[in-house]
Amino acid sequence: MIPPTHYRHSNRVSLLWLPPALAVCAAIAFVMAFVYAYAMVYVPVVQLAFLLPIVYGAGMGAGITWILKKAKVRSPFIATGIAFLATAGSYALSWIPWTYATYARADVPGLTFLDVLWPPSLISMIAGIYETGAWSIGSGGGEAVSGVMLGICWVMEAIFVLGIVPFVAHGAAGGVFCEKCDRWCSPIPDVMRLPVSAQRELAPRLDDRDLRVLTEVPRAQPYDNPFLVVDLAVCNGCGETNTLCLAHVHRTQQGNREHVARTYVVSHVLLTREQADWVRRG
Ligand SMILES: [Zn+2]
């Protein structure tokens with residue numbers, strides 16, 4: 001059998017750590033449903049009502065993925081899938097406390113939390129909000145958004161919450177995992193920067209694990225943009241699982257925010273411990 005030249009995650013999950021991790025994810029999804037619902041009802045500024053769904057979705061995506069990574073879930077696909085399901089479940093659940101809090105804010109007489117736990121009653125309460133608008137409950141109508149416009153807002157809200165999860169989760173998930181040590185390797189980003197003009201020379205030879213090419217091309221100038229960057233991941237346990245990536249980095253200014261676009265030119269070539277040390281020393 002030819003040994004692999006590039007790292008590929010094993011898709012494995014830890015049967016010891018996955019069940020407690022899923023329990024923690026479920027608990028977070030449950031608590032965050034209430035936090036989000038009350039934040040949406042008592043949000044003081046209307047602009048925040050547009051920001052909160054994005055913050056909620058991004059926070060859930062990052063948080064759930066972080067926990068799954070701690071639980072040694074190797075596959076970004078599995079981690080992203082679980083993060084999406086946990087966020088979708090949490091968001092669906094948030095309708096129950098949200099409906100309750102919307103009526104409670106309006107001091108609707110005789111309201112108890114049991115009213116929102118009984119599905120037919122929950123549905124008719126949401127229908128009431130749809131007809132009169134969330135801000136007009138108990139005040140006899142008014143200028144609040146209601147009807148079809150409110151329905152569109154709800155669809156937009158769901159898209160904001162759920163749409164961002166895959167991006168955040170997939171970005172945070174994965175990494176290089178040493179199956180021998182049963183632990184994640186440490187990333188060592190930005191080991192060296194190389195000029196884009198050397199990409200055609202670098203990419204095939206690095207994919208072939210011909211590291212001499214790194215001594216044959218010049219280094220990037222500090223002001224170069226775009227440029228190539230070498231990132232390593234090394235196992236601090238056995239030292240046997242080490243990878244090298246070459247990424248094309250392009251910085252652009254959008255308003256007063258800097259946008260960094262990264263694309264991998266060489267993805268996770270496996271190195272020996274000696275090779276990784278040599279690259280690390282530059
Ligand atoms: Zn190791």
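Reply: Let us begin with D182, which counts as exposed because it has 11 C-beta neighbours inside 10 Å. The model is predicted, and local features need a pLDDT of at least 70, side-chain atom pairs count only at pLDDT 80 or more, and totals for chains, interfaces and linings use all residues. Residues are numbered from 1 along each chain as its sequence is written.

D182 is found in the loop between β1 (177-178) and β2 (183-184). These names denote DSSP runs numbered from the N terminus: helices are H or I runs of at least four residues, and strands are E runs of at least two. The phi angle of D182 is near 60°, a positive value in a residue other than glycine.

R209 also has a phi near 60°, again positive in a residue other than glycine. Its place is the loop between α8 (199-207) and α9 (213-216). R209 is partly exposed, because 14 other C-beta atoms lie within 10 Å. Leaving aside neighbours within four places in sequence, R209 is in contact with T5 and V269; contact requires C-beta atoms, placed from the backbone, to lie within 7 Å.

Another loop, between α9 and β4 (227-234), holds P226. The peptide bond from N225 to P226 is cis, with omega near 0°.

We now turn to the helices. The buried residues of α1 are A21, C25, A29, M32, A33, Y36, A37 and M40. Among the elements that cover them are α2 (46-70) and α3.

α2 and α3 themselves pack at an angle of about 135°, with axes 9 Å apart. Axes are lines fitted to C-alpha atoms, for helices over the stretch in contact, and angles run from 0 to 180 degrees between N-to-C directions. The two helices are therefore oblique to each other. Angles under 35 degrees count as roughly parallel, over 145 as roughly antiparallel, 65 to 115 as roughly perpendicular, and the rest as oblique. The contact is made by G57, M60, G61, I64, T65, L68 and K69 of α2 and A79, I82, A83, A86, T87 and S90 of α3.

α2 also packs against helix α7 (residues 165-172), at about 30° with the axes 8 Å apart. That makes α2 roughly parallel to α7. The α2 side of the contact includes G57, A58 and M60, while V165, V168, A169 and A172 belong to α7.

Finally, the axes of α3 (residues 76-105) and α5 (residues 119-132) come within 10 Å and cross at roughly 60°. These helices are therefore oblique to each other. In α3, I96, T99, T102 and Y103 meet L122, M125, I126 and I129 of α5.

Definitions and conventions: Contact = placed C-beta atoms within 7 Å. Buried ≥ 20, exposed ≤ 12 C-beta atoms within 10 Å, placed from the backbone.
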